[in-house]
Amino acid sequence: MLNTLTLHEVLEKLGRRECRSADVVQAVLDAICQKDEGLHGYLTVDAETALAQAREADVARESGAKGRLLGVPLAIKDVLNVKGQPCTCGSKILKGYVAPYDATAIARLRAEGAIFLGRTNMDEFAMGSSTENSAYGITRNPWNPEYVPGGSSGGSAAVVAADEAIAALGSDTGGSVRQPASFCGCVGLKPTYGRISRYGLTAYASSLDQIGPITKSVRDAALLLQVMAGQDPADSSSLPSPLPDYAAALKTDLKGVVLGLPREYFVGGLNPDVERCVQEAIDACRRLGAEIVEVSLPHTREAIDTYYIIAPAEASANLSRFDGVRYGFRAAGAEDPIDLYKKTRAQGFGPEVKRRIILGTYVLSSGYYDAFYLRAQKVRTLIRHDFEAAFKSCHAILSPVAPTPAYKIGENSADPLQMYLGDVFTVPVNLAGLCGLSVPCGFSSGSLPIGLQVVGPALGEEAILRIGYAYEQATGWGGRRPGTVQGGRS
Amino acid sequence: MTTYRVTIGLEVHVQLKTKSKMFCACSTDFGAPPNTHVCPVCLGYPGSLPVMNREAIRLNVISGLMLGCRINPYSKFDRKNYFYPDMPKNYQISQYDKPLCLGGGVDIEIEGKARRIGITRIHQEEDVAKNLHYATWSGIDYNRAGVPLMEIVSEPDMETPEEAFAYLQALRQILVYAGVSDCNLEEGNMRCDVNVSIRPEGQKELGTKAEIKNMNTFKGVFNALEYEIARQIEVVEAGGRIIQETRRWDADLGQTFSMRTKEDAHDYRYFPEPDLMPVALSEALIAEWAATLPELPAQRRERFVRDYGLPEYDAKVLAAEKAVGDYFESAARSTSNPKAVSNWVMTDVLRTLSEKSISITEFTIPPDALAELIELTESKVINSNTAREVFALMLTDGGRAKAIVTARGLAQVSDSAAIEKIVDQAIAENAKSVEDFRKGKAAALKFLVGQVMRLSKGKANPQMVSELMERKLSN
């Protein structure tokens with residue numbers, strides 16, 4: 001069935017005229033019809049427009065049009081602006097808001113013929129690790145509907161895992177692409193900070209955000225990265241570095257590759273399933289020719305605190321624009337402008353967003369700025385130095401993506417701090433501006449996916465894609481689909 | 001009776017003359033219909049990002065160089081956080097601890113005495129939107145949101161409203177000369193906030209200061225200061241204390257009113273703007289910009305005296321406004337007598353501008369046309385009375401001086417034979433005056449010359465008439 005194919009398999013079939021775009025889109029829509037009521041991965045689907053665009057793509061292909069993604073449907077996290085489509089960011093405060101412009105990354109995909117089929121669910125304003133913070137209901141993990149899909153890009157990961165999409169986009173500020181990919185058995189890539197333009201990505205934390213693909217294979221992630229990446233004059237933080245050929249970096253062995261294991265990450269007390277799967281992955285890499293060394297990241301312990309000071313601080317300013325004046329939800333019955341802001345934001349924002357805005361406002365406030373925000377930025381530099389030192393002795397670092405597999409819906413939502421601790425392996429990568437890839441590496445005893453994280457230096461996407469690809473090809477974990485796996489080893 | 005010393009500091013906001021806004025490509029043109037020069041960036045839409053306008057940075061640095069500042073080789077932008085209807089993002093991108101320029105000053109002259117008023121810093125930020133209030137609703141026009149705004153903070157060096165007024169005029173003059181802004185208060189190009197405190201004579205420690213906002217003219221600043229100083233003295237004399245607060249100047253009522261006190265003051269929670277890279281200016285780049293600095297007003301005054309041989313008074317009047325000086329120079333270069341140009345500009349041109357309430361840029365006689373008129377006078381084709389006539393015709397009917405003189409036959413008569421005829425006629429018709437002159441009444445000569453001018457319909461060359469008349473009468 002066409003919806004179960006990877007992006008590359010679809011492109012191949014389209015290229016050989018074995019199917020049409022309209023067929024692919026229809027297959028995806030059928031799967032959505034079948035499964036999404038139970039999963040709730042999508043917030044909106046524009047079936048008619050997608051089919052019309054697919055038919056146009058088929059015609060264009062006959063006339064020789066060559067777009068690298070011509071007629072391929074993609075699912076987009078509801079935080080990225082796609083002109084003419086809703087962009088709620090999982091929040092009531094943007095209910096009814098329609099994006100007036102394309103994000104740069106979206107424009108580049110569109111230029112290659114991609115079709116934006118639907119908007120996926122997310123934690124409100126990307127703040128969360130389980131998609132339980134969405135104002136539009138939870139998304140369920142396709143592997144077990146009692147469990148969370150991860151977050152904040154839980155919708156994108158769920159629809160890819162359930163073959164309700166060929167591929168999807170998410171955004172990653174502290175792990176929001178990698179962790180849901182890990183919980184749902186998909187591939188998730190967070191590029192180097194500045195590799196993909198942030199113009200059109202509704203900002204959560206400006207110095208940490210990146211757009212990332214969530215896909216069924218490493219090769220698919222490399223292609224989407226290739227199309228989206230590159231400097232953008234509309235984003236002053238985008239890098240001028242030239243783009244390599246990411247596909248050319250994919251090899252099936254790891255000869256000459258040195259992989260580092262941070263001693264601080266493997267201190268015991270790790271969830272046994274996670275430990276088992278990651279250890280097996282490390283062994284597999286050895287068999288592929290990699291050398292394994294120990295490295296040290298001394299400031300691992302401080303990373304969560306640092307992240308949960310810096311991200312909310314930047315978010316507290318980024319979310320100030322949501323005041324009901326120019327767009328989005330506007331509360332009724334306000335007596336003056338400030339009253340309007342108070343009512344609109346009180347009614348429009350969910351509890352986790354409010355929590356982080358208040359936290360962020362506090363750490364920036366007079367008398368506390370030095371002790372919290374300034375100090376956190378300094379520790380951030382130390383974290384970055386840790387990685388720079390580690391990468392002197394290895395090409396990439398291996399770690400779990402998350403300390404546990406997916407947990408039950410509702411299990412952590414009562415204790416935000418407990419939820420935050422789940423980000424321990426992913427936030428350092430954002431803090432240091434590095435690149436990180438999540439690839440499936442096994443299942444828990446409860447048949448829930450577990451992900452392996454490959455972390456590379458800044459602009460080290462070629463290395464981590466190579467490592468992820470070789471591992472993926474040798475082990476085949478990514479080929480599994482929900483409903484086919486019995487617990488434990490497979 | 002206690003005398004009080006006054007301390008005044010001024011914060012001046014100047015809109016820079018760039019084509020586009022500080023962080024997006026929208027036009028900065030004034031007067032467009034509301035919300036027509038807007039985009040996702042200056043409207044603060046989700047996902048939008050600022051991009052620095054390099055020309056604004058250059059103009060800011062040029063201003064700093066013109067004002068004698070040190071340019072910071074490394075400066076950055078910060079977010080200034082507060083909620084208000086004229087704020088699209090509810091934070092303003094500004095500069096906090098690392099502004100573009102530090103130090104510098106402005107020379108002023110009060111009653112012949114020169115003083116230098118120091119400048120603390122100059123930084124770059126973005127302007128806010130404009131709130132417009134109607135009977136039952138208010139509207140926000142975002143055309144102004146994001147326009148590049150340069151903030152110049154003076155040292156608290158001024159001590160009287162006169163000094164504040166002089167500082168503003170001198171500052172404006174320099175900025176217009178620099179070409180960085182039109183400094184047109186009516187269009188809101190230049191705005192001013194005032195900080196003022198008093199202390200008893202002899203006390204070293206400064207008194208509590210009040211901040212005053214909402215003065216729309218330089219005179220308004222002067223009046224507000226006069227009022228506020230008197231108010232503060234009154235409070236203190238009555239045994240009260242000055243509260244540190246922000247007050248609003250009401251020009252209609254002629255009073256300041258309290259807006260908010262220190263307790264309500266904003267905590268702006270400044271932090272470095274993560275969406276913009278720091279501004280690192282190399283010495284080479286600063287030197288390149290320094291080499292393009294336009295002349296300062298004082299330099300232009302000196303040059304007018306030196307190169308055109310003008311008296312200091314003329315130089316001062318002509319250099320006061322850059323556009324007037326430009327006009328003068330353009331005309332002077334096309335004539336043989338710069339002083340004549342100066343006279344014409346200082347009197348006839350400036351008077352016309354005043355009568356019509358227009359600026360020199362709206363003046364309908366271009367400099368080269370004025371030069372042409374003056375040259376006709378210099379070469380004695382017409383006399384000065386005729387010249388004024390022609391000037392008036394050029395204003396009402398348009399056209400060039402030469403053409404008008406030819407068309408209306410206004411060229412003065414310098415043919416001695418023709419003049420002699422009219423002189424003889426005047427002598428013949430005014431025997432009494434001739435008698436008076438021979439009796440010693442010098443005024444009679446003037447009268448007779450006047451008669452010749454009348455008979456010749458003003459066209460006779462007055463100098464020739466005078467010489468010839470004198471000769472004839474002396475015979």
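A hairpin of 4 residues joins β9(B) to β10(B); strands here are DSSP runs of E with at least two residues, helices are runs of H or I with at least four residues, and both are numbered from the N terminus. Strand β9 of chain B covers residues 130-133 and strand β10 of chain B covers residues 138-141, and the two pair in the antiparallel sense over 4 bridges, where pairing requires that DSSP find at least two bridges between the strands. Within this arrangement, Leu132(B) has Gly139(B) in β10(B) as its bridge partner.

The model is predicted: local features need pLDDT of at least 70 and side-chain atom pairs count only at pLDDT 80 or more, while totals for chains, interfaces and linings use all residues. Residues are numbered from 1 along each chain as its sequence is written, chains are lettered from A and ligands numbered from 1 in the order in which they are written, and side-chain values use heavy atoms, with hydrogens and water left out.

The interface comes next. Chain B contributes 32 residues and chain A contributes 40 residues to the contact, which is defined by heavy atoms within 4.5 Å. Together the two chains bury about 2700 Å², of which 58% lies on carbon and sulfur atoms; buried area is the accessible area (1.4 Å probe) that two parts lose on being put together, summed over both.

Across this interface the rule finds 1 salt bridge, that is, a side-chain nitrogen of Lys or Arg within 4 Å of a carboxyl oxygen of Asp or Glu. The side chains of Arg198(A) and Asp275(B) form a salt bridge at 2.8 Å, N to O. On the side of chain B that touches chain A, the elements giving two or more residues are β4 (78-81) and β16 (271-272) of chain B.

The peptide bond from Gly151(A) to Ser152(A) is cis, with omega near 10 degrees, and Ser152(A) lies in the loop between β3 (115-120) and α5 (154-161) of chain A.

Arg17(A), although not a glycine, has a positive phi of about 55 degrees. Arg17(A) sits in the loop between α1 (7-15) and α2 (21-39) of chain A. With 43% relative accessibility, Arg17(A) counts as partly exposed, the class between buried (under 20% relative accessible area) and exposed (over 50%), computed with a 1.4 Å probe on protein chains only. His40(A), which is not a glycine, has a positive phi of about 55 degrees, and His40(A) is located in the loop between α2 and β1 (42-45) of chain A.
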